[in-house]
Amino acid sequence: MPLTSVSTTVDETNEGRVDIIVRELSETSRSQARGMIDQGCVMINGSPCKSVGTTVKPGDLVAIRFDKHQRYREKKRQWDDRTFEIVFEDDHIIVVNKSAGTLTVPTDRGAPNSLVDRVSIYLSYSKANKEAFVVHRLDRETSGLLVFGKHEPIADLLTEQFKDRRPTRLFHAIVAGNVVEDEGTFESHMATGSNLDRYETRPGKDTDQAITHYKVVRRLAERESSHGEDTTLIEAQLETSKRNQVRVQFANAGHPVLGDPRYKTKEATHARWHRKRMALHASTLGFFHPVSGEPINFDTPLPSAMEKFVAGARGRSER
């Protein structure tokens, strides 16, 4: 069977992902086009195209040589995305471990590559062609566990659980100073200022009740210092899920989260914390499955930046 050869020179109207151009050139399905790339049928400027995610710019020559009657299958590949790791997935929900530095949802300015966008792109490659629906959020520089619904009604059911305070949400944070009490509870009301900062205030019609239970995991001291313990690794359990809740309450108690760019920023600095991210991680997430009703629970370890900081200090466990 003779092979078909087609080619095109990229211009401003079709620059971008090569798999889209291959699909248009070959007049075939997306999976068939991606299979052609995987099977070595596609050349860019005379060299084999090795990745379906390759991008091309104006002036590049894309050429395909293929058999119209052959089925070109995609290679099975592990999904790789810097913004998240997949922790759990079924037909109804997906639980991911978000990377620090990633917005959960786009800003009003439409910032690209938000978590919901990236998870939706992943889901669009599934046979069911689903998308991600937001249930709850994490701050940009906070890492950790989030659940998305694959259908809007499923997301709505999960959102109701959060409103009813049913999910289990545990955070780990490295905070400035020595947290004296081994455990305690912060209970306050929070409002939003004109600059979108959150602050504690008296109860009112425009305030949110915020309740956080915490435990000291380890009090940390610098190995070279004799001035006592200067940071504390804590575990915080959220009874409510309000924006910036952990950050504001610990900052107001004199123990801001290391690396916090908004609350008590001077006190939140540390000689060994060089990361742009905050030392805050959503480590445990538990809820009732919206379809089966069964309780499910997920855990993730501390991110490497926090692990390295803890390992580099002297400390004593309180638990």
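In which sense do strand 12 and strand 14 pair, and over how many bridges? The two strands, residues 183-192 and 208-222, run antiparallel and share eight bridges. Two strands count as paired if DSSP finds at least two bridges between them. Strands (E, at least two residues) and helices (H or I, at least four) are DSSP runs, numbered from the N terminus.

The model is predicted: local features need pLDDT of at least 70, side-chain atom pairs count only at pLDDT 80 or more, and totals for chains, interfaces and linings use all residues. Residues are numbered from 1 along each chain as its sequence is written, and side-chain values use heavy atoms, without hydrogens or water.

Within strand 14, isoleucine 211 is the bridge partner of glutamate 187. Strand 12 also pairs with strand 13 (residues 198-201), antiparallel, through four bridges. Here histidine 189 has threonine 201 as its bridge partner. Five residues lie between the strands of this hairpin, and leucine 196 takes a positive phi near 75°.

Helix 4 spans residues 152-163. Its 12 residues reach 16 Å from first C-alpha to last, close to the expected 16 Å at 1.5 Å a residue. The expected span is 1.5 Å times one less than the number of residues. Ile154, Ala155, Leu158, Gln161 and Phe162 are buried in helix 4. They lie on the same side of helix 4 because they cover an arc of only 110° around the axis, taken from the directions from the helix axis to the C-beta atoms. Pro153 and Lys163 are exposed, on the face turned away from the buried side. Buried means under 20% relative accessible area, exposed over 50%, and partly exposed in between (1.4 Å probe, protein chains only). Just after helix 4, arginine 165 takes a positive phi of about 65°.
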